[in-house]
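I opened the notebook to look up charged side-chain pairs and a loop residue beside them. The entries follow in the order in which I checked them.

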Amino acid sequence: MFTLYLELSDRVLGGGKTLDEAFEIARWWKQQGEWRLALHQFTSLVDKGYGNEAVVERARLLRKHVNEEESIKLYEQLYTADSIQKIEAARVLSMWYEHKKKQYDDALRVAYQGLLWCEHEPAKEKAAWEHRIRRLKGKCSQIYPLG
């Protein structure tokens, strides 16, 4: 039992023996509330080209704890990538444009794209996008009245 403990400790503290193991260790650090260690691990995985899973996890941690501007750059990368995370990226970017930048037309454009991408998602997801679009249309019409 002690040998198993030593092996697991070595793997966790050493960052894992494979990239998949390193990813799971980073997720574990995040779950334990050790966001600095998790961010370091996800950053290392991104640098090694692990994939969009590590990019989105890094973006989430940056957005929540460190640097929202840097996380937005990662979400922009995910938005243009062919990945399942592009729906989340569209949601975050639409909120960013709406609430932080007050660029309602950009927020609306991204929201329309998010709605298109979620065609195979549950009805609740589509309804949330449609609600966002209606709200953004209202904000855009206040800025650019037709009459």
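**Loop residue and salt bridges**

I began with N67, which counts as partly exposed at 28% relative accessibility; here buried means under 20% relative accessible area, exposed means over 50%, and partly exposed lies in between, with a 1.4 Å probe and protein chains only. I was working on a predicted model, in which local features need pLDDT of at least 70 and side-chain atom pairs count only at pLDDT 80 or more, while totals for chains, interfaces and linings use all residues. Residues are numbered from 1 along each chain as its sequence is written, and side-chain values use heavy atoms, with hydrogens and water left out.

I then placed N67 in the loop between α4 and α5, where helices (H or I, at least four residues) and strands (E, at least two) are DSSP runs numbered from the N terminus. I found a polar atom of the N67 side chain 3.0 Å from the backbone nitrogen of E69, and I noted that the N67 side chain also reaches the backbone nitrogen of E70 at 3.0 Å.

Next I followed E70 to its charged partner, R58, with which E70 forms a salt bridge whose closest N and O atoms are 2.9 Å apart; a salt bridge is a side-chain nitrogen of Lys or Arg within 4 Å of a carboxyl oxygen of Asp or Glu. This pair links distant parts of the chain, since E70 sits in helix α5 (residues 68-80) and R58 in helix α4 (residues 52-66), 12 residues apart. I recorded E70 as partly exposed, with a relative accessible area of 29%, whereas R58 is buried at 13%.

Which residue does R135 meet in a salt bridge? I found that the side chain of R135 meets that of E98, at 2.7 Å from N to O. The pair again links distant parts of the chain, with R135 in helix α8 (residues 123-143) and E98 in helix α6 (residues 86-100), 37 residues apart. I noted that E98 is buried at 0% relative accessibility, while R135 is partly exposed at 30%.

I also looked up K86, which forms a salt bridge with D82, the closest N and O atoms being 3.8 Å apart. K86 counts as buried at 18% relative accessibility, but D82 is exposed, with a relative accessible area of 73%.

Definitions and conventions. Polar contact = N/O pair within 3.5 Å; in protein donor to acceptor, adjacent residues only side chain to side chain.
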